[in-house]
Structure formats: structure tokens, C-alpha cells
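Dear colleague,

I am handing over the structure we discussed, with its sequence, and my notes on what was found in it follow below. Please look through both before reading on.

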Amino acid sequence: FHYVDLAANDPKSGSNTYLLDACFSWKGLCVEPNPQYHAAIRGARSCPLVDTCVSDREVAVDFLAAGPVGHIAGRKLVPMTCTTLRRVLEKHRKVTYLSLDVEGHELPALRGMDWNRTAVDFITLENAKADHVAYLGSRGLRPVVCVGIDTLFARDALAPAASAWFDAERREGLLLRRADARGLERVAGQVPRAQGHRLTRVRGP
């Protein structure tokens, strides 16, 4: 896959991967346990949908369906069985970009992945903490830049180029609104550049 969106939530609004899908024709996978979003994702996105939660093991849980802050919890709930990234990605050796936003369940989701089988070039993670940095560092990814509440992690071999690209953006006075598809594309060097599409950017202070 070029991208994996975990969890996808609304297929367009606030999405880190909608641009990749709609404008750059990246092939990806959307993971979203909240049933209120399933019809919209299937209607608006080209990605296959994994319609359950992801954890470090396959386990029955109660999922709180609470819109963009839905999560595994112990209140008013939708019962489901979580899968793992190991199973979801068992036929895929490479992911260019993983967008990870699972409301505090990031480490269990990451621990459920087979890092020896599937390589990841870039990850954005919401509200990254020291344990996230340490875990991803042990898997060969390091933090490069923070964009809002998201931290971009890059594979060690790509981190210098990614950092240089973002530094150039800052010098030009541009603030990236969300993860920038063209930046990931240039650094990874794996996806042909799209023609006729402009990225959404806002001027920095």
C-alpha cells in the first residue's frame, strides 16, 4: 500500500489521506471501526475498508462510537473484535505512509504489526509522547517535524531528506496544514508526481 489510514473517520473532513487518494491516485487502505462512517468511506474513497478496530492482538472489545473521538473504552458501546496490523498487512511488504490516530491506542496498534515483514517509510501520529518516540525509534523511525498536533516520523534513511524538505518549506514561509502528499512523494521517490493539482497551504506567521 502507498498509505494506511488508521483510523479513517470522516472520509474527507480533516483527513490526512483524502488528498493522496483523490488527487494523487495513491493506493491505500482505510481502517475505521465506527459504523457511522462506513457508508461515507465506501462512497467517497477508493480504499478498501477494514471495518473494525486494531490492537496488539485479536480481542473482543467494547468500542465507544463517539464521532472523531471514538475509541476502545468501557462505556456505551459497540461490541466488536479487534484485528492486528500484522493480519491487515500480511500480504504487504511496504507502506509508504501510515496515518495513525486512534485516540490513545497507538502503542497497542503499533505493537500488533510485524515490523520484520512490513516496512513503513513515514508515520504521522497525533499527540506523540516519549513512549511513542522510543518505540518507533526501536523500529528505525525518528521524529522529523510537528504539524499542529501531528508528529511526522520518517524511516532513518529518509529522515535527513524529509527534514531538509520541511526546513525549505519553513524558509519560504509556508505552514503545512496537514501531512503534505507532495513532500512525502518527493522524499520517498516511489510515486510519480501528479499533474494539475495544487496543495492546500496557509501562510505562516
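Which residues does W115 touch, not counting residues up to four places away in sequence? They are L110, V120, I123, Y135, L136, R139 and L141, where contact means heavy atoms within 4.5 Å.

Please keep in mind that this is a predicted model, in which local features need pLDDT of at least 70 and side-chain atom pairs count only at pLDDT 80 or more, while totals for chains, interfaces and linings use all residues. Residues are numbered from 1 along each chain as its sequence is written, and side-chain values use heavy atoms, with hydrogens and water left out.

W115 is also among the residues that touch the most other members of the largest nonpolar core, which has 26 residues; such a core is a set of buried (under 20% relative accessible area, 1.4 Å probe, protein chains only) Ala, Val, Leu, Ile, Met, Phe, Trp, Tyr and Cys residues joined through side-chain atoms within 4.5 Å. A second, separate core of 22 residues includes F24, L49, V144 and F166.

Two threonines may also interest you. T118, in the loop between helix 4 (106-111) and strand 8 (119-126), counts as buried because its relative accessibility is 2%, and its side chain reaches the backbone oxygen of H92 at 2.7 Å. T52 is likewise buried, at 14%, and a polar atom of its side chain lies 2.8 Å from the backbone oxygen of T81. Beyond four places in sequence, the contacts of T52 include V31, P33 and C82. Helices (H or I, at least four residues) and strands (E, at least two) are DSSP runs, numbered from the N terminus.

Best regards

How values were computed. Buried means under 20% relative accessible area, exposed over 50%, partly exposed in between (1.4 Å probe, protein chains only). A polar contact is a pair of N or O atoms within 3.5 Å; within protein, one must be able to donate a hydrogen and the other to accept it, and residues adjacent in sequence count only if both atoms are side-chain atoms.
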